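Visitor: Could you take one part of this model and walk me through it closely? Then please show me what lies around it.

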Amino acid sequence: MRILVVEDEARLAALLQRGLQEDGYVVDVAGTGPDGLWRATEFEYDAVILDWMLPGLTGPAVCAELRRRGRWAPVIMLTARTSVEDRIEGLDAGADDYLSKPFSYSELTARLRALLRRGTVERAPVLQAGEVAIDPAAQLVTVAGQELSLSAKEYSVLELLVRNKDTVLSRGRILEHSWDFAFEPNSNVVDQYVGYLRRKIAARTDSVAIVTVRSVGYRLSERPALTTPQ
Ligand code: CA
């Protein structure tokens, strides 16, 4: 079993390496995000232990990029962060498990064994509406198989709409999901972003529509095939 440890704290990295080697694993260590990404892309690992805060690229960014490149080795994310949002961000980036620092070595190896028993699991895009497919692990949107380039906010709004396909979402709900700061209730920022998304999607497919539901909000629905584009 070959394990990659991506950790910039040299002492912790050395401790993990020594412990895991004594437990019979082959261990490589990377000290920066880009180096971790390169190793995990170039070589086959049975698992990756990935720190959150790293020079160059954060742990979640490394993980999301690995998933985008189709590398599915199980990832345990290490972090000093403890909020639920942070945990969700790590899991959304495609991490399989999550361990808060400080952690005990025996807990890490127990989690590692559980992941290794499960093995590498490829995850297909899970969200689909018409020709629009979203891979939340990689934060990647494709339309008819071609990547659609979106800003982080556009992605966040679209993912919410596709997850709740055929359900009307209020502007307030969309704001709460995609913006960190409370905007004034009258803010039209949601309408603006829905406008951006409509234009980008309409340029590529007419298989989905974001419908305005008057005085409530928006609903994303699939259009039946063979309708004429407007
Ligand atoms: Ca660190």
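Guide: Start with Asp135 and Leu140. In β8, Leu140 is the bridge partner of Asp135. Keep in mind that this is a predicted model.

Now look at the two strands that hold this pair. Strand β8 covers residues 140–143, and four bridges join it to β7. The two strands run antiparallel. Together, β7 and β8 make a hairpin, with four residues between them. Find Gln139 in that turn: its phi is positive, at about 50 degrees.

Stay with β7, which spans residues 132–135. Its side chains point two ways. Val132 and Ile134 go one way, while Ala133 and Asp135 go the other way. Which of these are buried or exposed? All are buried.

β7 has another partner, β6. Strand β6 holds residues 127–129, and three bridges tie it to β7. These two also run antiparallel.

Next, step just past β8. Ala144 lies in the loop between β8 and β9 (146–147). Ala144 is not a glycine, yet its phi is positive, at about 50 degrees. Asp166 is another residue to check. Its phi is near 70 degrees, again positive in a residue other than glycine. Look for Asp166 in the loop that links α6 (152–163) to β10. Asp166 counts as exposed because its relative accessibility is 51%, and the cut-off for exposed is over 50%.

Six bridges link β11 with β12, residues 217–222, in the antiparallel sense. Within that pairing, Ala209 stands opposite Ser221 in β12.

Now go back toward the start of the chain. Here five strands form an open sheet, in the order β2-β1-β3-β4-β5, and the pairing is parallel. β2 (26–30) and β5 (97–100) stand at the edges with a single partner strand each, so one side of each has no neighbour in the sheet. From one strand to the next, the twist averages 20 degrees. Helix α1, residues 10–22, packs on the sheet and touches β1, β2, β3 and β4 (75–79). The direction of α1 makes about 170 degrees with that of β2.

Zoom in on β1 and β3. Strand β1 is residues 2–6, strand β3 is residues 47–51, and four bridges join them in parallel. Val6 stands opposite Leu50 in β3.

Which protein atoms hold the calcium ion? Its protein donors are Asp8 (OD), Asp51 (OD) and Met53 (O), at 2.1 to 2.4 Å. Along the chain, these donors follow the spacing D-x42-D-x1-M. Compare two of them. Asp51 counts as buried because its relative accessibility is 4%, and buried means under 20%. Met53 counts as exposed because its value is 52%.

Two other spots are worth a visit. Thr41 lies in helix α2, residues 33–42. A polar atom of the Thr41 side chain is 2.6 Å from the backbone oxygen of Leu37. Beyond its neighbours within four places in sequence, Thr41 is in contact with Leu66, Arg69 and Arg71. The other spot is Pro102, in the loop between β5 and α5 (105–118). Lys101 and Pro102 are joined by a cis peptide bond, with omega about -5 degrees.

Finally, zoom out. The protein chain has eight helices and twelve strands. Its C-alpha atoms fill a box of roughly 65 × 40 × 30 Å along the principal axes. The chain has 230 residues, of which 47% count as buried. Among contacts with a separation of 6 or more, 58% link residues 24 or more positions apart. The accessible surface comes to about 12,200 Å², and 50% of this belongs to carbon and sulfur atoms.

Conventions. Residues numbered from 1 in each chain as written. Predicted model: local features only at pLDDT ≥ 70, side-chain atom pairs only at ≥ 80, totals over all residues. Heavy atoms only, no water. Donors = N, O, S within 2.8 Å, 3.2 Å for Na, K, Ca; no water. Buried < 20%, exposed > 50% of the residue type's maximum accessible area, 1.4 Å probe, protein only. Pairing = 2+ DSSP bridges. Axes fitted to C-alpha atoms, helices over the stretch in contact; angles between N-to-C directions. Contact = heavy atoms within 4.5 Å. Areas by Shrake-Rupley, 256 points an atom, 1.4 Å probe, with all protein chains shown as cover. Polar contact = N/O pair within 3.5 Å; in protein donor to acceptor, adjacent residues only side chain to side chain.
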